[in-house]
Amino acid sequence: MRTMQSVLIVVGGIMAIWLAAVPFMNIKWEANMASRAGVEVSIPEGGLRRASAVALVFTNPHLIPGTYVQEKPRLPGPQQVVAELWATTAGEAVTSNRSLVYHAGVTLTGTVAGFLFGTALGVLLAVAIVHVRVIDASIMPWVIASQTIPILALAPMIIVVMNSVGITGLVPKAIISAYLSFFPVVVGMVKGLRSPDAMQMDLLKTYNASAAQTFWKLRLPAAAPFLFPSLKIGIAASLVGAIVGELPTGAVAGLGARLLAGSYYGQTVQIWSALFGAAILAAILVGAVGLIQAFALKRMGFAR
Amino acid sequence: MMALVVSLVSSGRRAGVLPPLVLGAAILLLWEVGTRGFGVPSVILPPVSAIAVRMVASHATLWEDFSQTFLKGALSGYIIGCGAGFLLALFSDRVPFLQRGLLQVGNFLAAMPIIGIAPILVMWFGFDWQSKAAVVAVMCFFPMLVNTVQGLAAAGAMQRDLMRTYAASYGQSMTKLRLPAAAPFIFNGLKICTTLALIGAIVAEFFGSPIRGMGFRISTEVGRLNLDMVWAEIVVAALAGSAFYGVITLLERAATFWHPSQRRG
């Protein structure tokens with residue numbers, strides 16, 4: 001409860017800073033428009049370009065209301081972003097390409113396809129690493145080293161190369177997502193499969209359990225608490241991968257395409273709403289994995 | 001959450017150097033022989049030797065891009081972002097109320113696709129490296145904040161009580177107990193941020209850049225199907241990323257030599 005309260009205060013503080021920053025970020029455009037429209041504006045010596053935004057705000061308080069309702073502001077007000085989010089989700093048909101739900105759906109399919117593929121691959125590789133020494137010794141260092149490489153930089157190349165062999169749309173995005181979600185799953189799963197201690201392994205040995213039985217009855221269930229945190233990281237990374245995967249081809253649909261189009265045409269409100277759309281999507285995805293985690297671990301008897 | 005990955009990685013078993021090197025060499029050989037043998041067009045996958053030749057031939061361009069993206073954009077953003085995250089964590093440590101909220105919100109934001117702010121920051125700070133540094137700073141800020149806040153909570157109640165019985169001042173208990181205890185967490189944050197810094201700087205260049213920089217070069221050369229140059233940039237990025245991570249790991253080893261995770265043998 002107290003945590004909730006302090007979270008609300010921190011979020012409130014961020015909102016307050018945001019609201020307070022809007023006039024300072026947008027005042028120059030507002031002053032420029034006002035002086036052209038013949039409204040009296042006090043502009044310091046040296047012209048508008050070199051004037052300080054802080055001074056402009058304090059010498060022209062009558063311009064402040066206008067800074068919150070500009071069409072292409074440098075920093076849109078929170079209410080503009082919320083209005084745009086509402087208009088592009090509730091105000092448009094889901095199939096329309098002006099609907100943010102449609103674009104989020106396009107990104108979501110890439111994210112989920114990549115995530116499932118990456119997770120499956122990660123789990124398989126982890127099983128191989130735990131059971132085969134040679135694979136452990138030769139691949140694991142590369143898996144770790146691959147984390148220090150900015151993999152996202154590969155995204156445009158993968159998209160273009162796949163484009164040139166005729167594969168477009170979902171698959172290249174899913175490959176990037178899969179690559180990004182694969183790493184945390186391997187690491188978490190290896191750690192989890194190795195988590196049964198010597199006593200437990202010895203017990204199964206006294207039962208004369210085969211390697212397969214040890215795997216299904218001990219190692220795999222023991223890995224579950226390690227797997228789920230990795231899945232949360234993996235799905236968040238998948239989403240980033242899908243968004244970045246939409247950038248280089250100037251994709252027509254998806255949240256990344258909305259970001260890029262917004263940045264080309266200076267539609268700042270559109271950029272911010274796409275950004276918040278992506279954040280909401282990430283929260284939903286991570287929350288969904290969290291729900292599955294809570295349910296699965298409870299059924300498996302891990303809950304305290 | 002990325003902290004988890006790093007902690008899992010650092011707790012992994014250490015194997016010999018030879019098997020991974022053999023595997024790496026085998027893959028490179030297969031790549032070279034495969035692309036030449038099957039006549040794979042270089043617009044799909046250029047052979048390794050062609051990439052190496054290109055790296056030597058255009059080392060001047062590669063260096064220019066590296067200094068634009070890494071030395072100017074990523075490094076300065078990394079310092080600003082990690083510094084700001086660290087300082088805010090120190091400040092919030094004195095205000096427990098703020099700390100609880102910051103940890104939650106910070107954890108939430110660290111999982112968000114923060115890279116999406118790149119177009120906004122490019123709009124605010126212009127095309128040159130300043131906007132890339134800003135993107136990197138924002139991306140590094142939250143992981144650093146969360147890790148430092150967690151680290152500052154790492155010193156146990158008994159140890160803090162002991163400092164109190166010594167009548168240690170805030171500064172003394174900070175420098176002698178809590179910062180050293182927090183160091184493993186702080187270095188976790190610093191390590192996570194090394195990768196984020198490079199990713200942020202490169203991806204931000206996709207939204208606008210002067211005619212140099214690794215992200216700019218990758219996106220334009222991909223458009224012209226000069227894949228050997230793209231691969232050359234990727235090799236540079238991989239080397240820079242690994243070296244950056246390695247330097248922070250060495251610093252960590254020097255600073256937290258007492259920690260169980262640093263024991264060898």
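The structure is a predicted model, in which local features need pLDDT of at least 70, side-chain atom pairs count only at pLDDT 80 or more, and totals for chains, interfaces and linings use all residues. Residues are numbered from 1 along each chain as its sequence is written, chains are lettered from A and ligands numbered from 1 in the order in which they are written, and side-chain values use heavy atoms, with hydrogens and water left out.

Chain A contains 13 helices and zero strands, where helices (H or I, at least four residues) and strands (E, at least two) are DSSP runs numbered from the N terminus. With a radius of gyration of 26 Å, well over the 19 Å that the globule rule gives for 304 residues, chain A is more spread out than a compact globule. Here the radius of gyration is taken over C-alpha atoms, and the globule rule is 2.2 Å times the number of residues to the power 0.38. The C-alpha trace of chain A spans about 90 × 55 × 40 Å along its principal axes. Chain A is divided into domain 1 (1–72) and domain 2 (100–300), with bounds that come from an automatic or database domain assignment. The centres of these two domains of chain A, taken over C-alpha atoms, are separated by 41 Å.

Chain B has 11 helices and zero strands. Its C-alpha atoms fill a box of roughly 75 × 50 × 30 Å along the principal axes.

The crossing of helix 7 of chain B with helix 9 of chain B is right-handed, that is, the near helix is turned clockwise from the far one by less than a right angle. Their contact comprises 20 nonpolar, seven polar and three charged residues, with Ala, Val, Leu, Ile, Met, Phe, Trp, Tyr, Cys and Pro counted as nonpolar, Asp, Glu, Lys and Arg as charged, and the others, Gly among them, as polar.

Helix 11 (residues 227–255) of chain B and helix 9 of chain B have axes that come within 10 Å and cross at roughly 165°, so helix 9 of chain B is roughly antiparallel to helix 11 of chain B.

The axes of helix 8 (residues 157–165) of chain B and helix 9 of chain B come within 11 Å and cross at roughly 145°. Helix 8 of chain B contributes Gln159(B), Arg160(B) and Met163(B) to the contact. The contact of helix 8 of chain B with helix 9 of chain B has two nonpolar, three polar and three charged residues.

Definitions and conventions. Axes fitted to C-alpha atoms, helices over the stretch in contact; angles between N-to-C directions. Contact = heavy atoms within 4.5 Å. Parallel < 35°, antiparallel > 145°, perpendicular 65-115°, else oblique.
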